[in-house]
Amino acid sequence: MRFRFFSLSVGMVLLWFFGSPTIHAQNNKVDDNIGIQLTGSYYGKTLNNILNDFQRKYHLNIDFYPEHLPTGIHPGVKFDKTPIDQVMSILLKNSSLQYKIRGIHIIVRPEGDDIILPEIKKKIFPNQKDFTLNGQVVDKESGETLPYAQVLIDKTLNGTVTNMDGYFTLFHVPSDTTRLVVKYVGYQARIFQLDPERCQSEILVELYPAITEIDEILITGEREDLMRISNRTNLVSMSPSKIAQLPSIGEKDIFRSFQLLPGISASQESSSGLFVRGGTPDQNLVLYDGFTVYHVDHLFGMFSAFNPDAVKDVKLSMGGFESKYGGRLSSVMEITGKDGNEKGFDAGANIGLISGSGYVEIPLAGKGSILLSGRRSFQSSLYNKIFDQSQNNSTVDESPMPTGRSMNKFVGTSSPTSFFYDLNGKVTYKPNPDDIISLSFYNGQDKLDNSNEFNFSKGGMSMSGGRTDLTDWGNWGSSLKWSRRWSNKLYTHTLGSFSNYFSSRDMTTESNFIRANESSGKRNLGIYENNDLYDYSINNLTEWKTGKNNQVEFGFQGSHYQIDYLYTRNDTITIQDRHSLANLGAVFLQDRLTLFHRLTLVPGIRASHYSETNKVYWEPRLSANLSLTENIKLKGAWGQYYQFTNRIIRDDLESGSRDFWLLADNEQIPVSSSIHYQAGINWENRNFLVGIDGFYKTMEGLTEYTMTYVPSYRTVNFDEFFYQGTGTAKGLEFLLQKKYGDYSGWASYTLQEVKHQFDVYGENWYPASHDVTHEVKLINTYKYKDWNFSAVWIYGTGKPYTAPLGGYEITMPDGTMQDFVTIGDKNVYRLPDYHRLDVSAQYKFRMGSLGVGTLGLSLFNAYNRKNIWYKQFEIIEGELIETNIELLGFTPNISFSINLD
């Protein structure tokens with residue numbers, strides 16, 4: 001039995017420190033010692049911690065039972081190229097334990113127990129040649145499976161990738177004494193030699209996390225760092241455990257970290273969503289344990305909705321993605337949640353100036369595990385600063401939106417309350433080695449009460465009153481998955497899922513006014529908006545490895561959608577009241593084919609039937625990778641993509657820029673589509689990667705919702721304000737990455753152009769609102785002993801915006817005057833260039849036998865750059881006033897976390 005948490009007994013500490021009865025280790029034996037020498041210092045650790053460190057650092061196989069070891073803190077010891085047998089003698093001195101060593105095998109037992117050493121052949125001869133090897137890759141410490149790990153034959157191009165459950169099949173292994181290389185992002189790479197006995201059955205490959213060391217230990221293995229560019233086309237992985245090393249506003253953030261990659265805009269500071277190669281966040285398919293997450297933001301876009309403590313693996317396909325994915329135009333982010341520790345109880349907690357979080361991992365008697373995690377914000381000074389920045393827009397409009405926008409300025413007093421939280425739970429059960437059943441759950445939610453009182457005067461009229469403003473938005477999601485290994489060549493994954501996105505805003509205003517002629521009155525106004533999306537899905541994926549050079553994947557997906565959207569004003573005007581139902585069925589087939597050991601082709605086809613249009617949409621796709629040499633690789637992809645659920649942006653000064661989800665109906669809202677063309681070249685060795693990528697894509701069926709000014713006495717059809725358009729995106733990306741070593745990081749440059757054309761704005765094409773022509777990112781991390789330092793610098797061309805040409809006044813039917821501005825051409829101006837520097841430092845230290853603590857300091861926007869979020873225009877006393885609404889300035893943050901041993 002293995003425990004990762006121990007209670008500390010004062011009596012045992014005193015007994016250990018002052019000495020136990022003098023019973024020296026007896027019958028110790030060294031047989032076939034391979035000359036292992038250890039260098040390092042150990043203080044403030046238990047003997048259990050020290051032996052586990054030996055296994056991780058030196059790849060030793062130490063067989064012991066934690067309950068046999070003293071539980072107190074070891075007095076401390078230092079080694080300098082000390083032979084392993086001397087090290088063991090020093091550690092077990094004054095204990096009732098004995099040990100025996102043979103090769104890399106060390107067995108520790110109580111005095112008097114028999115120790116049987118494993119037999120070791122002096123020279124290993126192969127029994128099998130050109131055979132197929134099967135196995136699984138797992139985390140050494142927790143037993144969690146590692147999806148999409150690389151398994152390679154050393155110094156060859158022959159390799160494979162584990163599936164989502166960590167299993168792999170490697171064909172044409174030269175012999176059962178071949179050396180293998182196994183790599184996984186965020187873990188130490190492992191290089192080892194097979195032996196004939198192990199290869200008689202499925203092998204288990206255990207990798208150690210590449211954690212920051214808190215002792216001066218000589219590490220001989222490779223170190224895996226934060227980000228890895230996969231050999232597969234446009235596929236990028238990041239280590240959730242290492243994301244915390246990067247600077248942050250207040251939370252370690254998965255989506256913010258991916259914004260640091262080339263081709264993904266990092267100057268969209270007000271959104272944690274991903275703008276991938278000219279696309280928008282709603283065009284990304286975000287999967288968490290198989291179910292779709294439709295809204296990925298907390299706190300008005302400042303943080304993503306996923307707690308890194310609950311995440312095991314994250315990979316992003318930046319376009320040109322395979323046919324097993326569908327329903328989106330831009331990219332696919334696949335998030336795999338942690339299963340939990342199968343070997344012992346584990347727990348941890350984090351606290352910063354924004355929120356607190358914690359997790360618990362519970363084993364299920366060797367049959368699986370349970371993971372529970374949670375996070376909740378609190379209204380600290382930093383939280384309030386971010387909240388105030390997101391609420392800068394204080395204009396209000398009491399009529400449908402005009403083309404020339406109405407500007408009614410109010411001065412109010414409010415004490416808004418706001419918080420967010422997210423919960424994750426996962427149960428994984430393994431009834432036998434061939435079946436895995438998992439149940440995953442997620443809930444994230446934001447709540448805001450922004451009720452206030454106001455008092456203002458304008459045009460000779462004064463008004464006072466109160467406003468109730470309640471907002472609630474978030475996600476629910478769950479999935480039940482059954483993975484089955486029918487043979488070493490055939491796997492199936494069957495999943496049922498449920499997802500719900502909800503957003504509601506209930507705002508009512510009661511006001512008393514006095515006109516210039518001293519007449520008075522009372523006005524009750526209100527806005528109610530509610531958007532509910534339900535997604536019930538089932539899908540199946542079959543993986544069939546027909547041989548070394550071929551893997552066929554096929555399956556089906558079925559979804560039932562229900563989307564309700566209600567938007568009313570003043571209790572009398574219903575702007576939108578939609579209740580939509582639709583079914584989407586899809587089948588797909590793709591073949592991963594390797595030719596000449598150098599060329600990998602992935603042709604695929606996807607066919608989707610959409611009930612609202614009663615049409616079949618065909619989506620052919622193709623990606624290719626060619627290894628010109630061991631270091632140089634070419635890649636390319638082409639594909640057709642369709643999207644049936646669409647997020648519509650509604651620009652609203654009263655409630656801010658709001659978005660809502662609707663189903664395509666091919667009337668007001670078309671089925672959107674895109675064609676991707678992508679190509680690139682990479683040069684890579686052990687330490688560096690240099691990459692150049694180019695992309696071009698077309699977009700059809702884009703939708704916006706903009707209400708033009710309509711007098712209150714006119715009856716209108718508000719469906720007229722859905723507008724359709726097209727778009728293109730093209731660009732080049734350059735990347736230089738240093739992958740390993742105490743100093744690592746990358747530099748990237750992206751040149752892109754994103755243009756849209758909507759007939760409502762004229763025949764001319766214009767820059768899209770998220771177009772950033774030039775973007776530079778410099779990411780630096782440095783490790784020094786127990787410290788981790790990082791610095792991130794971002795530069796981006798200013799985003800486009802539309803400026804007014806002038807202003808005018810209109811007399812309303814009730815005799816009041818309202819000011820309006822005349823809007824100029826779409827997005828012909830640009831904001832000033834964006835840039836900022838973020839720095840951070842982390843210090844890891846041992847907290848006795850309790851565990852490892854991490855103290856972090858992060859400085860966001862270190863030189864306090866005044867970046868502009870957007871411009872606000874209003875007319876005051878007949879003059880058009882322009883106001884710059886700024887993003888966050890210099891913002892420090894302190895965090896602390898603890899992981900229990």
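Reader: Where in the chain does Pro-75 lie?

Author: Pro-75 belongs to the loop that joins strand S3 (61-63) to strand S4 (77-83). Helices (H or I, at least four residues) and strands (E, at least two) are DSSP runs, numbered from the N terminus. The model is predicted: local features need pLDDT of at least 70, side-chain atom pairs count only at pLDDT 80 or more, and totals for chains, interfaces and linings use all residues. Residues are numbered from 1 along each chain as its sequence is written, and side-chain values use heavy atoms, with hydrogens and water left out.

Reader: Why does Pro-75 count as exposed?

Author: Buried means under 20% relative accessible area, exposed over 50%, and partly exposed in between (1.4 Å probe, protein chains only). The value for Pro-75 is 51%, and therefore Pro-75 is exposed. Its C-alpha atom is separated by 9.8 Å from that of Leu-91, 16 residues away along the chain.

Reader: How do you know how helices H2 and H3 are oriented to each other?

Author: Two packed helices are described by the angle between their axes and the distance between the axes. Here the axes of H2 (residues 47-58) and H3 (residues 84-91) come within 12 Å and cross at roughly 170°. Axes are lines fitted to C-alpha atoms, for helices over the stretch in contact, and angles run from 0 to 180 degrees between N-to-C directions. Angles under 35 degrees count as roughly parallel, over 145 as roughly antiparallel, 65 to 115 as roughly perpendicular and the rest as oblique. H2 and H3 are therefore roughly antiparallel. Leu-47, Ile-50, Leu-51 and Phe-54 of H2 make the contact (heavy atoms within 4.5 Å) with Val-87, Met-88 and Leu-91 of H3.

Reader: What links Asp-289 with Glu-144, Lys-312, Asp-339 and Lys-426?

Author: These five residues are linked in a network of salt bridges. A salt bridge is a side-chain nitrogen of Lys or Arg within 4 Å of a carboxyl oxygen of Asp or Glu. The count by this rule is 33.

Reader: Why is the pair Arg-484 and Asp-435 called a salt bridge, and which parts does the pair tie together?

Author: The closest N and O atoms are 2.5 Å apart, and the pair forms a salt bridge. Arg-484 lies in strand S31 (residues 461-485) and Asp-435 in strand S29 (residues 435-449), so the pair ties together parts 49 residues apart in sequence. Asp-435 has 8% relative accessibility and is therefore buried.

Reader: Why does Ser-503 count as buried?

Author: Ser-503, in strand S32 (residues 490-514), has 9% relative accessibility and so counts as buried. Leaving aside neighbours within four places in sequence, Ser-503 is in contact with Asp-472, Trp-473, Glu-529, Asn-530, Asn-531 and Arg-658.

Reader: Why does Trp-787 count as partly exposed?

Author: Trp-787 has 35% relative accessibility and is therefore partly exposed. This residue is in strand S47 (residues 787-796). Its C-alpha atom is separated by 4.7 Å from that of Tyr-843, 56 residues away along the chain. Not counting residues up to four places away in sequence, Trp-787 touches Tyr-782, Ala-841, Gln-842 and Tyr-843.

Reader: How many helices and strands are there in the protein?

Author: The protein has five helices and 56 strands. Of its 901 residues, 57% count as buried.
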